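Here are my notes on the model, in numbered points. They begin with the contacts and end with one residue.

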Amino acid sequence: MRRRVEAGKPALSGMFTRAEVTYAWPKDDGTAGSDREPVAIFNGEAVHAYLGHLPEDEIEAMLNELANELGHALGQERIYVAFCSRTWILSCEPDGA
């Protein structure tokens, strides 16, 4: 967000929480596998006083940009983004790809 402001672009404000997602799956042999991965949760807002004039597609583009950077930083291949009542999945290419 700092780079956006330095470039004269609008930026989101919000809070990051570091966490882990855990998941499990059934294996062919009848046992269960499980794993966990780091995640970052961003709760933010397009502050009306500064960004109230922006259309939703521009806010979505900022969220996608932020999500992509987080995905790279955490080594994730997929990033889940929720905005208003919609959710979508972004694919994140690994660094060096």
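1. Contacts. Of the contacts in the chain between residues at least 6 apart in sequence, 42% join residues at least 24 apart; contact here means heavy atoms within 4.5 Å.

2. Basis. This is a predicted model, in which local features need pLDDT of at least 70 and side-chain atom pairs count only at pLDDT 80 or more, while totals for chains, interfaces and linings use all residues. Residues are numbered from 1 along each chain as its sequence is written, and side-chain values use heavy atoms, with hydrogens and water left out.

3. Secondary structure. The chain holds three helices and four strands, in the order α-β-β-α-α-β-β along the sequence. Both kinds of element are DSSP runs numbered from the N terminus: helices are H or I with at least four residues, strands E with at least two.

4. Dimensions. Along the principal axes, the C-alpha atoms fill a box of roughly 55 × 35 × 20 Å.

5. Burial and surface. Of the 97 residues, 20% count as buried. Buried means under 20% relative accessible area, exposed over 50%, and partly exposed in between, with a 1.4 Å probe and protein chains only. The accessible surface of the chain comes to about 7,300 Å², 51% of it belonging to carbon and sulfur atoms; the areas come from the Shrake-Rupley method with a 1.4 Å probe.

6. Charge. There are 9 positive and 16 negative side chains, and the centres of the two sets lie 5 Å apart. Lys and Arg count as positive, Asp and Glu as negative, with His and the chain ends not counted. Each charge is placed at NZ of Lys, CZ of Arg, CG of Asp or CD of Glu.

7. The hairpin. Strands β1 (residues 13–26) and β2 (residues 32–45) pair in the antiparallel sense over 14 bridges; pairing requires that DSSP find at least two bridges between two strands. Five residues separate β1 and β2 in this hairpin, and Gly30 in the turn has a positive phi of about 90 degrees. Trp25 stands opposite Gly33 in β2, and Arg18 has Ala40 in β2 as its bridge partner.

8. Phe42. This residue lies in strand β2. Phe42 is partly exposed, at a relative accessible area of 21%. Leaving aside residues up to four places away in sequence, Phe42 touches Leu12, Ser13, Gly14, Met15, Phe16, Leu63 and Leu66. Phe42 and Ala67 are 25 residues apart in sequence, with their C-alpha atoms 8.9 Å apart in space.
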